[in-house]
Amino acid sequence: MVCIGALSVLSVTPRTSRDTDDRSTHMRIGILGTGAMATALGAAWVRAGHDVRVGGRDTEAASRTALITGASGHGSLAEAAAHGDVALLAVPADAAPQLAKELAPLLAGRTVIDCTVPMAPGGDGPALTTGGTTSVARLIADAAPDAHVVKAFGVCHESIWTLDRPAFEGSPLAVPFCTDQPGAATRVTEIITSMDCTPLPCGGLDRAALLEATAVFAIGVWWSGAEARFAFPAPALAPGAVDD
């Protein structure tokens, strides 16, 4: 959950609610989880005008997270899953598929956002727990086959989502996502846009493993004390660059 290329904020406005009365694209979002990502994304979506409900196995933790984020309510995981058209799975990566299986009837027909990163310590740095052969998003889709699964929001560290209208080097933050469902892509695009970020579609769910691997790679670079963004300069920056 690392943001590549978003290491210094050049333009960040104060953290206030959006100054618009247009609620046409604002939606109800259920957040499944009470940890750092649940808190950061939940607060960001409340600031963007969405109706957020927090759910957890520990309802006291859900209550605290709801209070911090400004969510409209809290309750069980099942109650959050049933809230509106979108659900965020913000639980440990190894627990997400089983949770999706437990809640599969409630998640059917809903856009389910997976922000997890399957990572564990390794000899040369953090390693993918999936082995790179599949993705957590695919496992979630298999566990809840009627849900519309999207891999998104996992490439950035949770601290990035505490920024209002995050912009870096003069440009809004790009948020990559993968999904096989056009309707889910539309909803996630609307959520990303409501945060004043730029949607970055990256293909179908079969490419979600690439997003997970990118996050793990960047985390390893960060842990080594280096800057991941320096490994990805735009080709157009080179003198005499041509489009090939």
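In what order do the eight strands of the open sheet run? The order is β3-β2-β1-β4-β5-β8-β11-β12, and the pairing is mixed. Strands here are DSSP E runs of at least two residues, helices are H or I runs of at least four residues, and both are numbered from the N terminus. Two strands pair if DSSP finds at least two bridges between them.

**Before you select anything**

This is a predicted model: local features need pLDDT of at least 70, side-chain atom pairs count only at pLDDT 80 or more, and totals for chains, interfaces and linings use all residues. Residues are numbered from 1 along each chain as its sequence is written, and side-chain values use heavy atoms, with hydrogens and water left out.

**Stop 1: the whole chain**

Show the protein chain as a cartoon. It holds eight helices and 12 strands. Colour by accessibility next. Of the 244 residues, 46% count as buried. Buried means under 20% relative accessible area, exposed means over 50%, and partly exposed lies in between (1.4 Å probe, protein chains only). Then look at contacts, meaning heavy atoms within 4.5 Å. Among those between residues at least 6 apart in sequence, 73% join residues at least 24 apart.

**Stop 2: the sheet**

Select the eight strands again: β3-β2-β1-β4-β5-β8-β11-β12. The edge strands are β3 (73-75) and β12 (198-201), and each pairs on one side only. From one strand to the next, the twist averages 25 degrees. Axes are lines fitted to C-alpha atoms, for helices over the stretch in contact; angles run from 0 to 180 degrees between N-to-C directions.

**Stop 3: strand β4**

Select residues 86-89. V86 and L88 point one way from β4, A87 and L89 point the other way, and all are buried.

β1 and β4 pair in the parallel sense over four bridges. Find G30: its bridge partner in β4 is A87. L32 stands opposite L89.

Turn to strand β5 (residues 111-114). Four bridges join β4 to β5, and the two run parallel. A87 stands opposite V112 here.

**Stop 4: T111**

Stay in β5 and pick T111. Is T111 buried or exposed? At 0% relative accessibility, T111 counts as buried. Leaving out residues up to four places away in sequence, T111 touches D85, V86, A87, H148, V150, A184, R187 and V188.

**Stop 5: two helices**

Two packed helices are described by the angle between their axes and the distance between the axes. Select helix α1 (residues 36-47) and helix α2 (residues 59-69). Their axes come within 8 Å and cross at roughly 40 degrees. That makes α1 oblique to α2. The cut-offs are under 35 degrees for roughly parallel, over 145 for roughly antiparallel, 65 to 115 for roughly perpendicular, and oblique for the rest.

Which residues make the contact? Show A38, T39, G42, A43 and V46 of α1, with T65, I68 and T69 of α2. By class, this contact has four nonpolar, four polar and no charged residues. Ala, Val, Leu, Ile, Met, Phe, Trp, Tyr, Cys and Pro count as nonpolar, Asp, Glu, Lys and Arg as charged, and the others, Gly among them, as polar.

**Stop 6: positive phi**

Go to the loop between β8 (148-152) and β9 (167-168), where F153 lies. F153 is not a glycine, yet its phi is positive, at about 70 degrees. F153 is buried, with a relative accessible area of 1%.

R165 is in the loop between β8 and β9 too. Its phi is near 50 degrees, a positive value in a residue other than glycine. R165 counts as partly exposed, at 23% relative accessibility.

**Stop 7: A208**

Finish in helix α8 (residues 208-223), where A208 sits. A208 is buried, with a relative accessible area of 0%. Show its contacts: S135, A137, K151 and C178, not counting residues up to four places away in sequence.
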